[in-house]
Amino acid sequence: MTGIPFATAAASSPAPARADQRRQAVAAVLADVRRLTATATVPYRATLAAIAARLEQLAARDDLFTHADFPPPAVTEGVGASTRYRLNPEDGDAGLALYLNAINPGKTTAPHNHTTWAVIVAVRGQEVNRLYERTDDRSDPARARIQLASEVTVQPGTPIAFLGDDIHSIAVVGTEPTLHFHLYGQPLETLTERLAFDPDTGAVKNYNAAYFRPSQPVA
């Protein structure tokens with residue numbers, strides 16, 4: 001795989017230079033991801049592991065991804081407030097979408113799927129991902145039974161990846177806001193068939209309609 005060297009940018013780079021370095025680094029990663037996915041319309045888990053490894057190289061460039069450039073929500077916005085930054089807005093609704101999520105501790109989500117593959121890699125901060133198995137026969141589109149299968153804390157050096165039907169929830173823990181990459185096969189804005197699952201009542205609803213907030217584009 002190709003890409004710009006990872007040790008060339010200094011933490012003291014002025015903001016315009018840092019933004020240009022960041023754009024180059026993001027473009028190199030997305031080019032590599034496109035090559036990795038070129039042989040399969042829907043990547044398998046081995047492909048997602050390779051994508052996660054490449055994205056971890058980008059996360060190692062924490063001089064390019066700071067809270068100064070990607071501020072978390074103000075404390076006044078409440079516990080668990082979040083801001084999602086789109087790192088490749090020029091790609092619009094076509095293909096890959098890379099986001100950087102700045103989330104304050106306390107954020108949780110309902111269990112949900114994505115309907116496309118996803119890879120999450122941490123620059124800093126901790127996000128507990130709970131993975132669920134669906135145990136019903138799926139005969140009723142408005143009801144489902146899910147049970148907790150495993151739990152992974154995504155943090156620097158520990159990524160996670162999902163296929164389109166995988167179900168997970170998140171909980172941001174610790175004392176600092178996260179900066180986590182979320183890479184999807186399609187932009188979240190286009191994933192209008194995502195589902196949210198209530199593990200207690202069995203209710204199923206459209207995730208985007210119920211919970212989705214617009215992303216912030218990054219030039």
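Which residues do ring pairs link into a cluster? Phe65, Phe70, Tyr85 and Phe181 are joined in this way. The model is predicted, so local features require pLDDT of at least 70 and side-chain atom pairs pLDDT 80 or more, while totals for chains, interfaces and linings use all residues. Residues are numbered from 1 along each chain as its sequence is written, and side-chain values use heavy atoms, without hydrogens and water.

Rings of Phe, Tyr and Trp (its six-membered ring) pair if their centres lie within 6.5 Å; planes under 30 degrees apart are stacked, over 60 edge-to-face, and the rest tilted. The count is 5 aromatic pairs by this rule. One of them, Phe65 with Phe70, is stacked, at 6.1 Å centre to centre and 25° between the planes. Phe65 and Phe70 are both buried (under 20% relative accessible area; exposed is over 50%, partly exposed in between; 1.4 Å probe, protein chains only). Tyr207 and Tyr211 form a tilted pair, with 5.0 Å between centres and 45° between planes. Both lie in helix H3 (residues 207–211), 4 residues apart, about one turn of the helix. Tyr207 is buried, at 10% relative accessible area. Tyr211 is partly exposed, at 37%. A charge also sits over a ring: Arg84 lies over the face of Tyr99, 5.9 Å from the ring centre. The criterion is NZ of Lys or CZ of Arg within 6 Å of the centre and within 35 degrees of the ring normal.

Helices (H or I, at least four residues) and strands (E, at least two) are DSSP runs, numbered from the N terminus. An open sheet of mixed pairing contains 6 strands, ordered E6-E3-E8-E2-E1-E11. Pairing requires at least two DSSP bridges between two strands. E3 (residues 118–124) runs antiparallel to E8 (residues 178–184), over 6 bridges. Ala122 has His180 of E8 as its bridge partner. Helix H2 (residues 45–59) packs on the sheet and touches E2 (97–103), E3, E6 and E8; contact means heavy atoms within 4.5 Å. The direction of H2 makes about 25° with that of E3. Axes are lines fitted to C-alpha atoms, for helices over the stretch in contact, and angles run from 0 to 180 degrees between N-to-C directions.

Helix H1 (residues 15–37) has 23 residues. From first to last C-alpha, H1 reaches 33 Å, close to the 33 Å expected at 1.5 Å a residue; the expected span is 1.5 Å times one less than the number of residues. The buried residues of H1 include Arg18, Arg22, Val29, Leu30 and Asp32. The buried residues of H1 pack against H2, E2 and E8.
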